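Biologist: Could you take me slowly through this structure, so that I can follow how each conclusion is reached?

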Amino acid sequence: MADSFDLLIVGGGMVGASLAHAVSGQGLRIGVIEAWPFDSSAQPSFDDRVLALSWGSRIILQAMGVWDDIQVAAEPILDIHISDRGHFGFTRLNHLDEGVEALGYVVTARALGQALLQDLVNHDAIKMICPARLKSFAVSDRDVEVRISQDDGEQVLSTRLLVAADGGNSLVRQFLSIPLKEKSYGQTAIIANLRAEQAHQGIAYERFTNTGPLALLPMRDDRLSMVWTAKDDQIAELMALRDEAFLLRLQDRFGHRLGRLYELGKRVAYPLSLRQAVEQVSSRVALIGNAAHAIHPVTGQGLNLGLRDVAVLADLVSDAAQRGQDPGDIELLKEYANWRKKDQNSVAMITDSLARFFANPFGPLRLVRNLGMVGLDVVPSMKHLVARQFMGLNGRLPRLARGISLD
């Protein structure tokens, strides 16, 4: 007989684990299928990459009861300095102007993973199914029959709602033959940690260049996380440079605002593209996080967008559970998709426009964007709207995003 669940999540990374946390107190039986053992030192989603969490994501995680464990490893972003390399335009955002403790936070994926997973493994309502791999699934009117493979062979599970949180190459999305809208930026992000002569003082720098944005984010112990976007045909040369030569090239792109840059860590390169699933729900199936969308890293919105997916789906599933309704009901899933559409499309449009607009060397456009940044810097009402967008506070917010626990 198949092991049965109310909610089965494929993917135990940051978004999948967050969803399990968010709905764990609703009387539902939850399963999480993950290809790796639930050990944050092995799980590739919880490596040493650095993540930017918005103020809105802090509210969600705090309402879920996990923020205190994350905060001890997080560095607050107090200010954001935005500029256009070699030109006069710049804008500054400040946490005091927005009446918040921080505009966001910088944390390693490993620290976030440890906070998310430490309570899940012993939670009575959650079954960790790992290591396991999805083989196939079949949807009926009443449930989804899911076949997985483990070391001791194949098993059959059933669930009323199947959630795909299995990343950009989602098997669930592929099995459903849901197409992607996709366009490449012709850019790759190089990510690494480093240090600077001068203390970062909680300031995040976003510098637009003719090859793409360059960000330096504040980390604990006065380190910095670098996200350097360059053209695809430049990546092989940059990655091949010795650390000293790479830092000199980086210094030329960023400038000397923080003094000399030094002590470069391991570099990793990620090709960039805009990807959106044409459909995010199907009969008894929902896509969340990178399984549903992947955006340009400019402004660091990717994980935050996924956490807002979690907050909305958890809100609707929680309501259904309280009413004794089916969490896999297609009308519930359509409401989820409609609720998330505006936010997802807005963030995709903003990040796509910024990445393309600021990389365009056309003189009149360059003048317009620099005048625009200067204007933004001196108009508090416009700056407030931009800051709220980056903090994830615009639009219709579910309970978790308003700081209200679902328990």
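What follows is a set of questions and answers about some helices and loops of this predicted model.

Biologist: At what angle do the axes of helix α1 and helix α5 cross, and are the two helices roughly parallel or roughly antiparallel?

Modeller: Two packed helices are described by the angle between their axes and the distance between the axes. Helix α1 covers residues 14-22 and helix α5 covers residues 109-117, and their axes come within 10 Å and cross at roughly 25°. Angles under 35 degrees count as roughly parallel, so with a crossing at roughly 25°, α1 and α5 are roughly parallel to each other.

Biologist: Which residues make the contact between α1 and α5, and how many of them are charged?

Modeller: On the side of α1, the contact is made by M14, A17, S18 and H21, while α5 brings A109, L112, A115, L116 and L117. Sorted by class, seven of the residues in this contact are nonpolar and two are polar, and the number of charged residues is none.

Biologist: Is the crossing of α1 and α9 left-handed or right-handed?

Modeller: Helix α9 covers residues 302-322, and its axis comes within 9 Å of the axis of α1, with a crossing at roughly 25°. This angle is under the 35 degrees used as the limit, and α1 and α9 are therefore roughly parallel to each other. Whereas α1 passes α5 in a left-handed crossing, the crossing of α1 and α9 is right-handed.

Biologist: Which residues of α9 are met by α1, and how many nonpolar residues does the contact have?

Modeller: From α1, the residues that take part are M14, V15, S18, L19 and A22, and they meet L303, G306, L307, V310, L313 and A314 in α9. By class, this contact has no charged residues and two polar ones, and the number of nonpolar residues is nine.

Biologist: Is D309 buried or exposed, and with which side chain does its own side chain make a polar contact?

Modeller: D309 is found in helix α9, and at 0% relative accessibility it counts as buried. Leaving aside neighbours within four places in sequence, D309 is in contact with I288, G289, H293, Y336, R340 and Q344. The side chain of D309 makes a polar contact, at 2.6 Å, with the side chain of R340.

Biologist: Which elements do the buried residues of helix α2 pack against?

Modeller: Helix α2, at residues 55-64, is mostly covered, as nine of its 10 residues are buried. The buried ones are W55, G56, S57, R58, I59, I60, L61, A63 and M64, and just after the helix G65 takes a positive phi of about 90°. The elements against which the buried residues of α2 pack are α1, β3, α3, β7, α5 and α9.

Biologist: Where is P131, and what is the form of the peptide bond from C130 to P131?

Modeller: P131 lies in the loop between β8, residues 126-129, and β9, residues 133-139. Omega of the peptide bond from C130 to P131 is near -10°, and the form of this bond is cis.

Biologist: What is the phi of S177, and what is the phi of D221?

Modeller: S177 is found in the loop between α6 and β12, and at 60% relative accessibility it counts as exposed. D221 lies in the loop between β14 and β15, and D221 too is exposed, with a relative accessible area of 60%. Each has a positive phi in a residue other than glycine, near 55° for S177 and near 60° for D221.

Biologist: How far apart in space are I235 and P297?

Modeller: I235 lies in helix α7 and is buried, with a relative accessible area of 10%. Leaving aside neighbours within four places in sequence, the residues in contact with I235 are T188, I190, A230 and A269. I235 and P297 are 62 residues apart in sequence, and from C-alpha to C-alpha their separation in space is 17 Å.

Definitions and conventions
Residues numbered from 1 in each chain as written. Predicted model: local features only at pLDDT ≥ 70, side-chain atom pairs only at ≥ 80, totals over all residues. Heavy atoms only, no water. Axes fitted to C-alpha atoms, helices over the stretch in contact; angles between N-to-C directions. Helix = DSSP H or I, 4+ residues; strand = E, 2+ residues; numbered from the N terminus. Parallel < 35°, antiparallel > 145°, perpendicular 65-115°, else oblique. Left-handed = near helix turned anticlockwise from the far one by under 90°. Contact = heavy atoms within 4.5 Å. Nonpolar A, V, L, I, M, F, W, Y, C, P; charged D, E, K, R; others polar. Buried < 20%, exposed > 50% of the residue type's maximum accessible area, 1.4 Å probe, protein only. Polar contact = N/O pair within 3.5 Å; in protein donor to acceptor, adjacent residues only side chain to side chain.
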